[in-house]
Amino acid sequence: MSTPMVQLAAPSGLLSLVLFLIAVALLALLGGGFWITSRVKQSEPPRPRPEEQPHLPPEGATREVQENREPDEVPQTPKGGRPLTPYELSNMGTKPSTAKERPRWSKGSSGSFGGGGLGAH
């Protein structure tokens, strides 16, 4: 017994037309994008000329300042006085340190917790 052959996809002019219209729409979208970009670019102010660029100050390039800093200490509570509340403390910042030697990590230490070093031995 022979089974009738079923045609799964018939060639259709409609499918070709839809694919052509999608391609035309994509080209129109790309062309519109270029057109809008050129309009926006024309409305922007011109780029600064070389003489309008920023220049170094007369004393030259700024230099980096390296200094040791230490935290401001919390004021001690006087005997018989009440402790300060967090709202009464100033913005605790840092101040320049009097020590000139930069702090270094211990030998064999990575310098950070969990940094993978052997630690101080």
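**Salt bridges and a nonpolar patch**

Reader: Is E52 buried, exposed or partly exposed?
Author: The relative accessible area of E52 is 43%. The model is predicted, so local features need pLDDT of at least 70 and side-chain atom pairs pLDDT 80 or more, while totals for chains, interfaces and linings use all residues. Residues are numbered from 1 along each chain as its sequence is written, and side-chain values use heavy atoms, without hydrogens and water. Buried means under 20% relative accessible area and exposed over 50% (1.4 Å probe, protein chains only), with the range in between called partly exposed; E52 is therefore partly exposed.

Reader: What is the N to O distance between E88 and R82?
Author: E88 is partly exposed at 38%, whereas R82 is exposed at 53%. Their side chains meet in a salt bridge, N to O, at 2.5 Å.

Reader: How much accessible area does the nonpolar patch with I22 have together?
Author: Patches take residues with over 30% relative accessible area and no salt bridge, joining like charges within 9 Å and nonpolar side chains (Val, Leu, Ile, Met, Phe, Trp, Tyr) within 5 Å. I22 is partly exposed at 46%. Areas come from the Shrake-Rupley method with a 1.4 Å probe, only the protein chains shown counting as cover for residues. The members, among them L14, F20 and L29, together have about 1100 Å².

Terms used: Salt bridge = Lys/Arg side-chain N within 4 Å of Asp/Glu carboxyl O.
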